[in-house]
Amino acid sequence: MPSEVSTGVLLGICSLSVVTRFYIRIWAQRQFSVDDGLLAVAVCCLICSVVIMYSVGLDKMYQIQELSAALPFALSIGFPIDDMPQDSQFLQDSYDFLKWITVSQALAWTSVMAVKFSFLFLFRKLIDRMPALITYWWFVLTFNVIAFGYGMSTYFLYCPYFNDPKLCTAPLWLM
């Protein structure tokens with residue numbers, strides 16, 4: 001419950017500041033640019049990520065954690081792993097959790113990177129007449145595009161098989 005309250009308060013502050021910025025940019029300054037569009041994408045991705053995490057992810061996470069906590073105890077008292085009942089609903093919940101938490105994390109990463117790109121395009125307007133800084137800006141943009149691609153790929157390359165954990169073996173360089 002406290003995490004939901006704190007996340008809700010911080011999401012509210014974030015939304016209020018974005019709405020204030022859009023009000024100033026659209027109605028007071030009468031302009032809308034690329035950095036504003038990227039910020040709108042970031043807020044939408046953040047809201048979708050939080051909704052998915054709290055509506056689907058957290059309930060399944062707590063349920064899976066509680067059920068899997070019993071496994072070491074069962075093994076410690078000599079209960080053979082082969083004799084344990086295979087609950088297909090538990091496995092399906094685990095697979096669903098992996099799928100939805102991956103989507104939530106990918107949206108959160110997209111949100112973070114969209115804010116970075118928004119700042120980059122805002123700063124691009126400020127350094128418009130400085131060739132040395134424009135070269136540096138292109139370098140930073142390229143680096144962030146590569147970082148975004150790598151960050152998104154790790155969510156799916158780590159375990160692309162959402163319904164078979166036996167197929168999930170990630171190399172150490174990926175983690």
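These are my notes on a predicted model of one protein chain.

**Ground rules.** I number residues from 1 along each chain as its sequence is written.

**Overall fold.** I looked up the secondary structure and found 4 helices and 0 strands. Helices (H or I, at least four residues) and strands (E, at least two) are DSSP runs, numbered from the N terminus. Along the sequence, the pattern reads α-α-α-α.

I then checked burial, where buried means under 20% relative accessible area, exposed over 50%, and partly exposed in between (1.4 Å probe, protein chains only). Of the 175 residues, 25% count as buried. The chain exposes about 11900 Å², and carbon and sulfur atoms supply 72% of that area. Accessible areas come from the Shrake-Rupley method with a 1.4 Å probe; for residues, only the protein chains shown count as cover.

For contacts (heavy atoms within 4.5 Å), I took those between residues at least 6 apart in sequence; 67% of them join residues at least 24 apart.

**Helix 4.** I looked up Gly151, which lies in helix 4 (residues 131-157). Gly151 counts as buried, because its relative accessibility is 9%. From Gly151 to Met113 I noted 9.5 Å, C-alpha to C-alpha, across 38 residues of sequence.

**Aromatic rings.** Rings of Phe, Tyr and Trp (its six-membered ring) pair if their centres lie within 6.5 Å; planes under 30 degrees apart count as stacked, over 60 as edge-to-face and the rest as tilted. I counted 6 aromatic pairs by this rule. Trp137 and Trp138 are edge-to-face, because their planes stand at 85° with the ring centres 5.1 Å apart. Ring pairs join Phe121 to Trp137 and Trp138 in a cluster.

Trp137 is buried at 5% relative accessibility, whereas Trp138 is partly exposed at 46%. Arg124 lies over the face of Trp137, 5.2 Å from the ring centre. A charge sits over a ring if NZ of Lys or CZ of Arg is within 6 Å of the ring centre and within 35 degrees of the ring normal.

**Helix 1.** I looked up Ile26 in helix 1 (residues 2-28). Ile26 is partly exposed, since its relative accessible area is 32%.

Terms used. This is a predicted model: local features need pLDDT of at least 70, side-chain atom pairs count only at pLDDT 80 or more; totals for chains, interfaces and linings use all residues. Side-chain values use heavy atoms; hydrogens and water are left out.
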